[in-house]
Amino acid sequence: MKKTILLIAFFVLSYSYSQNFDTFKNLYNDKNIVDIKSIKTLNDFDQKKLSEKEIDDKIKSFMTDSKIGNFDIPINYSKLKYHGKKNPKEIITFFEAGFDHDMSFVNKPLEIFSFDGVWIFVDNQEFKNIINVFFAARAIQILKFKYPEAYEYLLKPDQVKLGYDKLDSSQGKPPLNKMNPIISFDKSPTKIAGSLWNLKLASKPTLDYRGTKNYENTLNCLTSINYETVRPKEIYKKEDELSNYWLYLREGLIESITHEFIHHYVTNFKFFDMKGGFVFGKRNDSQDQSFQVDVEEAMVINTAETYLIRKGGLSDDLLNFNLGIKYQGKKEILQDLTIASNKARYDALKLLSPPTSDSFDYVYRFYFLD
Ligand SMILES: [Zn+2]
């Protein structure tokens, strides 16, 4: 019953976005999730005879509207791979203790996709998850084409900057490190999105084809989207839940991915970005336990918003929502430098900032997207 209501609600929504009812009915009735290919958009074209790059170029040419929420674009199906219903550890290397404990919610058979090197996990083949996979792939495409700096640093799977030099091979070569970006739709975050990471250090070297010894470490950067939270309503303020979620998928998701992967940036680049290294070290600081919630959060919001506003594309609803959180944090927690602990945090971050400016927005920010 609930699914029927969902289907009808989506019909109304999808109609207004030129995506027809038959498409959704077929998806719901057909158990084969790879039928994601039958999702229609206004700018569909025959992808069969084109190369991957030709398809990308054509999709890119449809991204002309000033707002990303308005992009009505297909995804590049040649990049979407379905890996079946499997436990992620059958496909990706995980550090078992963390996988069993922190990441236990993905330690089970999931529907696993990848798109352009980014993993996408969903629980099951329910209708809503087919939409989730489609929009995750769409978000990856938009990041790559419209926000290329964010894509390069945050999502590109071969972007490897782990600094685990202690595992250098005996030949003095750097370790081969691998970063797996993962977008998972699950119920783990208390807010709409959250992130966890899992690092598996290679315990012994592997030999490459030349017989050279290498250590291959794996860092899994998991970003979870909780699509059942009420947060999209707080952003978009529409009456019904599905309208809010629909709007969220079209633009809010792109902001969520950027935000969560900036947290991953701190983990990933901690040996290369001194400010990132300082923030990473504070995650386990017993003297300043709220640093991560207060300061890292403010820095991530500030970094993401500064970049996304400069590049353009977000709606006023989404911008105002995030700026509201940012200014609340700034006002209540960070700005009052007469409080000794706030002053200590500010001074430490100021020392790690180029001496260009001492403003809050400058000191409480990472610069890699500038
Ligand atoms: Zn955050």
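A residue is called buried if 20 or more other C-beta atoms lie within 10 Å of its own, exposed if 12 or fewer, and partly exposed in between, with C-beta atoms placed from the backbone. The model is predicted: local features need pLDDT of at least 70, side-chain atom pairs count only at pLDDT 80 or more, and totals for chains, interfaces and linings use all residues. Residues are numbered from 1 along each chain as its sequence is written.

View A. Helices (H or I, at least four residues) and strands (E, at least two) are DSSP runs, numbered from the N terminus.

**View B. The crossing of α8 and α10.** Their axes come within 9 Å and cross at roughly 125 degrees; axes are lines fitted to C-alpha atoms, for helices over the stretch in contact, and angles run from 0 to 180 degrees between N-to-C directions.

**View C. Aspartate 116, in the loop between β2 (110-115) and β3 (118-122).** Although not a glycine, aspartate 116 has a positive phi of about 55 degrees. It counts as buried because it has 22 C-beta neighbours inside 10 Å.

**View D. Lysine 237, in the loop between α7 (231-236) and α8.** Lysine 237, a residue other than glycine, has a positive phi near 55 degrees. It counts as exposed, with 12 C-beta neighbours inside 10 Å.
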